[in-house]
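This briefing walks through a few local features, grouped by topic. Please keep the sequence and the 3D view at hand while reading.

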Amino acid sequence: MLVSMYPGGVAGGSGTQYFVGHFDGTVFTPLRRPQATDIAWLDHGPDHYAGVTFFGLPDDERTLIGWMSNWDYAAKLPPLDGTRGQMTIPRRLRLTPDAVGQPVLAQEPVLPALTWAQRSPTTEVWPAFGSLVGPCVVDVGLCLGEGARAGIR
């Protein structure tokens, strides 16, 4: 179960909590009773709100997209093409066991695959990102150690 909130997000502004359990069509029963100290967050940024999943996909392709903005500033920004913010990259969701076997949410971005036909054989992609012209897809793999942080700018 997803619960979007504003205010109250983990990073301020908007945020989404998730709860693992069973929904029988009427009642949601959590797998375990959550304590205030172990709230599970969909992500740890202030700009993901009101995520929805797509109907009709197989269960192993549960895909979510959300509003990539925050009510703290959304109304203060000039509209872009009549909109206030953009949508997040779609995420494929699945449950996976944590270190003690409890199910936690795993997420993976759903991005279009770049085929060999779309690649330029003369373009050196790394480290010369500055030489790319036009839209492109860049695959980034990160291996984080305990307490490590990474970002893309």
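This is a predicted model: local features need pLDDT of at least 70, side-chain atom pairs count only at pLDDT 80 or more; totals for chains, interfaces and linings use all residues.

Trp 67 counts as buried, because its relative accessibility is 14% and the cut-off for that class is under 20%.

**Aromatic residues**

- A search of the whole structure finds two aromatic pairs. The rings of Tyr 49 and Trp 67 make an edge-to-face pair, because their planes stand at 70° with the centres 6.2 Å apart, and over 60 degrees is the range for that class.
- This pair links distant parts of the chain, since Tyr 49 belongs to strand S6 (residues 49-53) and Trp 67 to strand S7 (residues 63-68), 18 residues apart.
- Trp 67 also pairs with Trp 71, in a tilted arrangement with 4.8 Å from centre to centre and 50° between the planes.
- Trp 71 is partly exposed, because its relative accessible area is 44%, whereas Trp 67 is buried at 14%.
- Taken together, Tyr 49, Trp 67 and Trp 71 form one aromatic cluster.

**Strand S2 and its partners**

- Strand S2 (residues 15-18) is covered on both faces, with Gly 15 and Gln 17 buried on one side and Thr 16 and Tyr 18 buried on the other. In a regular strand, side chains alternate between the two faces of the sheet.
- Strand S1 (residues 2-5) runs antiparallel to S2 and is joined to it by four bridges; Leu 2 has Tyr 18 of S2 as its bridge partner.
- S2 is also joined to strand S5 (residues 40-41), again antiparallel, by two bridges, and the bridge partner of Gln 17 in S5 is Trp 41.

**Thr 88**

- Thr 88 sits in the loop between strand S8 (86-87) and strand S9 (91-97), and it is buried, with a relative accessible area of 7%.
- Leaving aside neighbours within four places in sequence, Thr 88 is in contact with Asp 47, His 48, Ile 65, Gly 66, Trp 67 and Met 68, a list that includes the buried Trp 67 described above.

**Val 110**

- Val 110 lies in the segment after strand S10 (103-109) and counts as partly exposed, because its relative accessibility is 27%.
- Not counting residues up to four places away in sequence, Val 110 touches Thr 63, Ile 89, Pro 90, Arg 91 and Arg 92.
- With Arg 92, which is 18 residues away along the chain, the separation of the C-alpha atoms is 6.2 Å.

Notes: Residues are numbered from 1 along each chain as its sequence is written. Side-chain values use heavy atoms; hydrogens and water are left out. Buried means under 20% relative accessible area, exposed over 50%, partly exposed in between (1.4 Å probe, protein chains only). Contact means heavy atoms within 4.5 Å. Two strands pair if DSSP finds at least two bridges between them. Rings of Phe, Tyr and Trp (its six-membered ring) pair if their centres lie within 6.5 Å; planes under 30 degrees apart count as stacked, over 60 as edge-to-face and the rest as tilted.
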